[in-house]
Amino acid sequence: MEQQQIEQLGDELYQAMSKREMVSPLTSRGFDISLDDAYHISLRMLQRRLDAGERVIGKKIGVTSKVVQNMLNVHQPDFGYLTDSMVYNSGEAVPISERLIQPRAEGEIAFILKKDLIGPGVTNADVLAATECVMPCFEIVDSRIQDWKIAIEDTVADNASCGLFVLGDQAISPRKVDLVTCGMVVERNGQVISTGAGAAALGSPVNCVAWLANTLGRFGISLKAGEVILSGSLVPLEPVKAGDFMRVDIGGMGSASVRFI
């Protein structure tokens, strides 16, 4: 794919995000988009955000659990960037009706790094050694692609369908919780809607962070000290609307809550 075409598609996705409009799937337009092309489209979209004053504060891996892969018909993980305009604290009101197009919420485990992780060759032991703490979080994903009709190239180009995220109010050492067996319970408006465990995400959220570090390492990108790393959903995506209240509890790790407006 030519550079001019990459830039045009990145600009189109940025405008769609800014105007809260959907665009047709990039993979339905008759040209061949490789995963590398999609990543460079996402970098163009990111550059537009940085030019507008945002700054990168972390990275994310998505589509890690079988239940989410089956929901989206995307059968490998995706990856994207987090900026300071995306983050909210537990209990805050999140203005999805002003910011997002077709939002869905998912419960995850967030890693806060104290050391850089530079792939390839990053192991699970490296991830644990580089992690300051973990905490519950919600990622509120959003797609600029019409009706979520995405292939892996569409979601990677669209910054891994990232919208906003909410960090919990507690932080714990990753060595003080079993990240494979820890249980997750998600409630919406007081009703339990899903449960999961750490193993739902590629066998362990630690596997996810290692995969992300090694995948981004191919592009010369590292996970950096101080960054927030979202490790992927442990439960199904749930459509959300203004007025909904959600809470996620993770055994041994605490909770996060969010009210949507």
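## A walk through the predicted chain

Let's start in a loop: Asn189 sits between strands β8 (183–188) and β9 (191–197). Helices (H or I, at least four residues) and strands (E, at least two) are DSSP runs, numbered from the N terminus. This is a predicted model, where local features need pLDDT of at least 70, side-chain atom pairs count only at pLDDT 80 or more, and totals for chains, interfaces and linings use all residues. Residues are numbered from 1 along each chain as its sequence is written, and side-chain values use heavy atoms, with hydrogens and water left out.

Back to Asn189. Its phi is near 50°, a positive value in a residue other than glycine. Most residues other than glycine have a negative phi, and most peptide bonds are trans. With 43% relative accessibility, Asn189 counts as partly exposed (buried is under 20% relative accessible area, exposed over 50%, partly exposed in between, using a 1.4 Å probe and protein chains only).

Asn159 also has a positive phi, of about 55°, although it is not a glycine. You'll find Asn159 in the loop between α6 (152–157) and β7. At 5% relative accessibility, Asn159 counts as buried. For a peptide bond to look at, go to Gly119 and Pro120: the bond joining them is cis, with omega about 5°. Pro120 belongs to the loop between β5 (104–113) and α5 (124–130).

How far can you trust the picture? The chain has a mean pLDDT of 93, and 96% of its residues reach 70 or more; pLDDT is the predictor's confidence in each residue, from 0 to 100. Confidence is highest in strand β7 (residues 164–167), at a mean of 98, and lowest in helix α3 (residues 66–72), at 66. Where pLDDT is low, the predicted coordinates should not be read in detail.

Now for a pair of helices. Two packed helices are described by the angle between their axes and the distance between the axes. The axes of α1 (residues 3–19) and α2 (residues 35–51) cross at roughly 50° and come within 8 Å. Axes here are lines fitted to C-alpha atoms, for helices over the stretch in contact, and angles run from 0 to 180 degrees between N-to-C directions. So α1 and α2 are oblique to each other (under 35 degrees is roughly parallel, over 145 roughly antiparallel, 65 to 115 roughly perpendicular, and the rest oblique). Among the residues that meet, α1 brings Ile6, Leu13 and Met17, while α2 brings Ile41, Arg44 and Met45.

The largest nonpolar core has 81 residues, and Ile109, Phe111, Leu117, Phe138, Ile140, Leu223 and Phe260 touch the most other members. Such a core is a set of buried Ala, Val, Leu, Ile, Met, Phe, Trp, Tyr and Cys residues joined through side-chain atoms within 4.5 Å.

Setting aside residues up to four places away in sequence, Phe260 touches a list including Val94, Ile140 and Ala242; contact means heavy atoms within 4.5 Å. Follow that to Ala242, in the loop between β11 (238–239) and β12 (245–250). Ala242 is partly exposed, at 43% relative accessibility. Beyond four places in sequence, Ala242 touches Ile96, Phe260 and Ile261.

Finish at Leu216, in helix α7 (residues 205–217). Leu216 is buried, with a relative accessible area of 2%. Leaving aside neighbours within four places in sequence, Leu216 is in contact with Tyr39, Lys59, Phe79, Ile221 and Leu223. Leu216 and Gly80 are 136 residues apart in sequence, yet 9.5 Å apart in space, C-alpha to C-alpha.
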